Amino acid sequence: MQTSLEKLRKFFRLEHENGYANTAIIGGLAEMLNFWEGEARADNINEEVIQAVVQRLRSYDGLSPQSRADALKGLWKRIGDAYPEAQQKPKPPSQVEGRQEPHPHPQNQSQPKSESEPRKESHPQHQQRHEQRPRPPAPPRSESVAGARTSATPAALDAKLTVLQGVGPKNAETFAKLGMVTLGDMLYYYPRRYDDYSQLKPIKELFYGEQVTVIGTIDSVHTRPIRGGKASIVEVIISDGTGGLRLSYFNQPWLANRFKQGNAISVSGKVDQYLGRLVMNSPDWESVEVENLHTNRIVPIYPLAERITQKWLRNVMKQVVEYFAPAVVDSIPESVRNAARVMPLGEALLQVHFPSSQEKLKAARERLAFDEIFYLQMGVLRQRRDWQSVDAGRFVLSDGQLDSLKTSLPFTLTSAQERAIADIRADLDSGKPMNRLLQGDVGSGKTVVAAIAAAVITSNNAQAAIMAPTSILAEQHYRNFTKILESDGLPFEKQEHTLSGTRAPALQKIRLLVGDTPESEKEQIRAGLADGSIKIVIGTHAVIEGPVQFKDLQLAVIDEQHRFGVEQRAELRSKGTNPHLLVMTATPIPRSLALTLYGDLDLSIMDEMPAGRIPINTFVLRPQERERAFTLLRGQIKDGKQAFIIYPLIEESEKIEARAAVDDYETLSKEVFPDLKLGLLHGKMRPSEKDETMLKFRDKEYNILVSTTVVEVGVDVPNATVMLIEGADRFGLAQLHQLRGRVGRGADQSYCLLIPTREDATENERLQIMAESNDGFVLAEKDLQIRGPGEFLGTRQAGFANSLRMASITDVKLIEKARAQAQAVFEKDADLSQPEHKLLAESLGRFWGEGKGDVS
């Protein structure tokens, strides 16, 4: 069927679903004639049919609903008589996939519009060709947004975007890449920022460190080469009559042609300083629409894709938001909204897209953020209840056994470790499944606590599984567990073991299972787990693969849980009957964030370092002081020590002005340290290559390891005493602290040297905080204040992170408000079975992925 007739059928079907209320198109069905007539003629539709459609739709608004129904049915019958294929039901996509219909008149293809607007594409051949290309995965759609979809959602919001004037199949495909497929998706496609023309700040009033939007006229554009011509910087000077501001764009030479002298632009970014003058480095920028300059409006700026402009998208958004936002049904009960004193949802959606004032925008963002935290808390409370509603095995480790184990350790447990062990012993003896998060700073001794938890289980003849994110970390746990548990009073005999575990005796009760384990040994381990002769298995995702079955799995320990997805955790748990769960993380998480993201887990915090641990000396150096850093490295290596050099990038980027591992590795190997052995480690290497490189470094085959942040998670190299971090201003505090934790694991003084990208970043607030504190929990709170929750949201990646579009986890008041309301609803109606909670139950299911997610 021709595209124009297919589009007409969509409109008529939507109008039928809406009860013939003349709402299938914003402004009424007659509005579609502005573009449909041209498309129909391009499709070579009979002129009599076109005129019949035009006349009927122009008079449609004045008809009663029944007359409208009769009119559309009669009109479609007439079309069906002229074009029988229009009466056929459309085939499922699988039946027409890859089929191309020849266009009767290719030369009639509509011409593209000017570049300022997207092209309208109605040519079926082009459309079919487009559909055969593989599409990149789209961002989350509105279904995953808190409260966006329920049975009460107007049917019109399910309409495809091609019902909008000017949106053809090609533009719809571009919208889909942005996560917008239906009209409903557009309501939840929030602006990324706003240009506030009501509160513009003159350039002369800017100050260092401020995040601001300014408008100015381009005075000059210059490009200058750097790094011997290997890169370049585009420098733009703008002025607004009160002063001038320099903008710098690293290695983006094409921008020189985009900036035109005399044009007005708005720029948004952080005010920086260079040689005493205020500058902005790579700020966002937009051409200023002259009509906005004198309106004093707050103008939304949306994320864009190819072929879509701000102005055009804003106009389309305005149509949809103003028409449909008021029709959205609110899933949050009125009693909750009143108690929380939040704006109605329809008004919030309107104001977040087209705010009438900063106050209204703030209230709108608060309402949408409240919904996200509220649904998050409801899911966490439900998970906690479900977890506690089942029974689990009870396991006891006698005081005598525990004392024997502690006595055998070559160190004394800290009071924080003692508290965590007491928490775990109580959980394991409670008769309910343990669901505990063990949160400890780098080097705080979490492995010992986990090993003792495993000992409680195995001393009662049950099994434990420990899962780590990488093979090398699994091997490290294997060595540590065997050392700790080969003690008197516990059911583990002394055993010889190698790193790979491949030459261990058959009766060994602690085994290592990773991807590289030989198949013959895997079979042996699987058999031992199935018959119960192996008590503890330590490994990577291989531990949860299908063939692995346990006789009696009663404890699952997951290390660095943010490296695992929800499905992997659920799979591990499914290997036993309600096993106890211990989740470990070395990322200190601020309390406000922990209560929000981990409300379903009990929390044990290990905020005390083992006795004798020497604090790491941290220094911030200017880029031109790099030679001082190299001198320290040489001195340490001369004393038999090793060093890390960390880079933010693998290879030099066209857009980012930062040093890169691969490029500098060549220079360091040949020019700076030609007499030393250097290893290279980065994320593009195969897992086996990464493991081999890391093992060689640990075994002292390399003096220096040049790496990206892949070394962040937990490998012990006690002989490494220097951590040099290039481009340190590009990392968050949590990540810098994790990297710093790779050294200082031996008995010698260790050093962390931070070198920012540019000299003016030396005073960077994060770097100074790093130099002042070794406490991961202090740094985590600071990072949350400076950068927001992005660093931490990855820790519960698969459950809901993509749905938190508006909430800021730094807003403790909002979190407490949402949590209090969620608890009140939960206490009143935990199953959400009461009539007033029907829509809330639907929304909660969608937000949490229709109940498939395990949030722990």
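Here is a walk through this predicted model, from its sheet to its helices and charged pairs.

Let's start with the open sheet, which has 7 strands in the order β11-β12-β10-β13-β14-β9-β15, paired in parallel. The strands β11 (510-513) and β15 (602-606) sit at the edges with a single partner strand each, so one side of each has no neighbour in the sheet. From one strand to the next, the twist averages 15 degrees.

Helix α16 (residues 415-428) lies across β9 (435-440), β14 (580-585) and β15, and runs at about 160 degrees to β15.

Elsewhere, strand β1 (residues 193-196) runs antiparallel to β8, joined by 4 bridges, and Tyr 194 stands opposite Pro 300 in β8. Strand β8 (residues 298-301) is covered on both faces: Ile 298 and Pro 300 are buried on one side, Val 299 and Ile 301 on the other.

Helix α4 (residues 65-82) is worth a stop too. Its 18 residues reach 26 Å from first C-alpha to last, close to the 26 Å expected at 1.5 Å a residue. Its buried residues, among them Leu 72, Leu 75, Trp 76 and Ile 79, pack against α1 (3-17) and α3 (47-58).

What about the charges? Side chains of opposite charge can pair when their charged atoms come close. The count here comes to 32 salt bridges. In one of them, Arg 436 meets Asp 427 at 2.6 Å, N to O. Arg 436 counts as buried because its relative accessibility is 7%, and Asp 427 is buried at 13%.

Another salt bridge links Glu 521 and Arg 511, with their closest N and O atoms 3.2 Å apart. Glu 521 belongs to helix α19 (residues 519-531) and Arg 511 to strand β11, so the pair ties together parts that are 10 residues apart in sequence. Glu 521 is buried at 6% relative accessibility, and Arg 511 is buried at 2%.

The salt bridge between Arg 634 and Glu 627 (3.1 Å, N to O) has partly exposed partners: Arg 634 at 33% relative accessibility and Glu 627 at 45%. There's also a network, in which salt bridges with shared partners join Asp 330, Arg 337, Arg 367 and Asp 371.

Asp 691 is buried but has no salt bridge, and the nearest side chain of opposite charge, Lys 690, is 7.5 Å away. Leaving aside residues up to four places away in sequence, Asp 691 touches Ser 471 and Ile 472.

Terms used
Residues are numbered from 1 along each chain as its sequence is written. This is a predicted model: local features need pLDDT of at least 70, side-chain atom pairs count only at pLDDT 80 or more; totals for chains, interfaces and linings use all residues. Side-chain values use heavy atoms; hydrogens and water are left out. Buried means under 20% relative accessible area, exposed over 50%, partly exposed in between (1.4 Å probe, protein chains only). Lys and Arg count as positive and Asp and Glu as negative; His and the chain ends are not counted. A salt bridge is a side-chain nitrogen of Lys or Arg within 4 Å of a carboxyl oxygen of Asp or Glu. Contact means heavy atoms within 4.5 Å. Two strands pair if DSSP finds at least two bridges between them. Helices (H or I, at least four residues) and strands (E, at least two) are DSSP runs, numbered from the N terminus. Axes are lines fitted to C-alpha atoms, for helices over the stretch in contact, and angles run from 0 to 180 degrees between N-to-C directions. The expected span of a helix is 1.5 Å times one less than its number of residues.
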